[in-house]
Amino acid sequence: MTLPSRRAFVTAAMATLLVGCGGGGGGESDGAATGRGRGEDSSPPPSPAGKNVRALARSVPVGLRIPAIEVDTPVMRLGLAPDGSVEVPPVEADDRAGWYRHSPTPGQVGPSVILGHVTVGSYGEGVFRDLKRLRRGDRIEARLANGTAAEFTVSGVRTVAQAEFPTEDVYGDVGRPELRLITCGGPRSGDGYRDSVIVFAELSSSGQGGS
Amino acid sequence: MRRTVLSALALACTAVLASTVPAFADGTAPTPVPASAKPSAEPTKAPAPAESKPPATAPSAEPSTAPTEAPTKAPSDAEVSVVPSGAPDTGEVSTGSQSGGGSGLIGGGAAAAVALGGAAVYVVRRRRATGA
């Protein structure tokens, strides 16, 4: 091996090492751009033409069950925070979901909104840690204070950047009983998450609670 | 001569791998850290229990990153009577598992190891050249 070729070999080897080391420096980024309708786990929101299921009378939710991701949680009531955003459940070990009380109750006409944490700081994972795993057709059951239950079917799951939160899609009028489950998702940025995970669901049936 | 160069290169590779593998092993997944002596800044009080009463305290003491605009009072016949502003902050991150500094450490360690290896190669070659 001549001197120039040795130099070239050593230079190439060092360059390869540097490139190899730099590849993992992305931290928690999943490498995917985020936006409305991101491909990996998003699907379109429910179509306006859905099944005709009779709406339920107003009754606040007291529990939520999602068999596909093994969620069975009590539901508290949430209002508005002083800054105008929606309140979220308290950060505590016994994490639970919360229903936004200015939205319809589950089964009433309109988008009933339920929120939950994906992580609760030092307490670990939140009640909606696996929300993004839900898929179209999965079942969601909201237990109501009057003893009945409203059963919903997932029609879409979207991961969107929090900076581009689709307020109209989540809170806008829909003309039929629907449900929105919301939590955070995507890579962490600073002391929070970059994205929101939103599950859209439609009322499929109603019956006696406690199943 | 060739053996010396290759040995130095192998040494540099080992140093780089030794410095990067433990750093990656730290993991990038959000690992819940057992409750330590973190001062609890979050109020444990639940928000307003009565539906007619506005919430007195925010359930999360985290300063909201966000919304500067006020919530929208919807028309009286709207399905959601008050539309909140911004995205809900439903992801309280544990402060013990930030990874931003980790990548810096990895890069710095790798650069230092490569520089060390290069210096070793240079010194060995100089010594061989002057000794020949």
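Which residue takes a positive phi in the hairpin of E1(A) and E2(A)? In this predicted model, the residue is Glu70(A), with a phi near 55°. Four residues lie between the two strands of that hairpin. Residues are numbered from 1 along each chain as its sequence is written, and chains are lettered from A and ligands numbered from 1 in the order in which they are written. Because the model is predicted, local features need pLDDT of at least 70 and side-chain atom pairs count only at pLDDT 80 or more, while totals for chains, interfaces and linings use all residues.

Chain A has two helices and nine strands. Helices (H or I, at least four residues) and strands (E, at least two) are DSSP runs, numbered from the N terminus. Along the sequence, the order is α-β-β-β-β-β-β-β-α-β-β. Strand E1(A), residues 61-66, is antiparallel to strand E2(A), residues 71-78, and four bridges join them. Strand E1(A) is also antiparallel to strand E6(A), residues 139-144, again through four bridges. Strands count as paired if DSSP finds at least two bridges between them. Gly63(A) takes part in both pairings. Its partner in E6(A) is Arg143(A), and Pro74(A) stands opposite Gly63(A) in E2(A).

Of the 211 residues of chain A, 49% are buried. A residue is buried if 20 or more other C-beta atoms lie within 10 Å of its own, exposed if 12 or fewer, and partly exposed in between; C-beta atoms are placed from the backbone. Contacts are counted between residues whose C-beta atoms, placed from the backbone, lie within 7 Å. Among the contacts in chain A with a separation of 6 or more, 65% join residues 24 or more positions apart.

The largest nonpolar core has 47 residues. Such a core is a set of buried Ala, Val, Leu, Ile, Met, Phe, Trp, Tyr and Cys residues joined through C-beta atoms within 7 Å. Ile114(A), Leu115(A) and Val199(A) touch the most other members. Strand E9(A), residues 192-208, gives the most to this core, with seven residues. Beyond four places in sequence, Val199(A) touches Leu131(A), Leu134(A), Val154(A), Val157(A), Arg180(A) and Leu181(A).

Gly121(A) sits in the loop between strand E5(A), residues 119-120, and E6(A). Gly121(A) counts as buried because it has 25 C-beta neighbours inside 10 Å. Outside four places in sequence, Gly121(A) contacts Val91(A), Glu92(B), Val93(B) and Ser94(B). Its C-alpha lies 9.9 Å from that of Gly192(A), 71 residues away in sequence. Ala87(B) belongs to the loop between strand E2(B), residues 82-83, and strand E3(B), residues 91-92. Ala87(B) is buried, since 27 C-beta neighbours lie inside 10 Å. Apart from neighbours within four places in sequence, Ala87(B) contacts Gln162(A), Phe165(A) and Ser196(A).

Chain B has two helices and three strands, in the order α-β-β-β-α. Buried residues make up 25% of its 132 residues. Chain B averages a pLDDT of 58, and 28% of the residues score at least 70. pLDDT is the predictor's confidence in each residue, from 0 to 100. Confidence in chain B is lowest in helix H1(B), residues 2-25, at a mean of 54, and highest in E2(B), at 96. Over residues 21-68 of chain B, pLDDT stays under 50. For the complex, the predictor gives an ipTM of 0.73 and a pTM of 0.58.

How values were computed. Contact = placed C-beta atoms within 7 Å.
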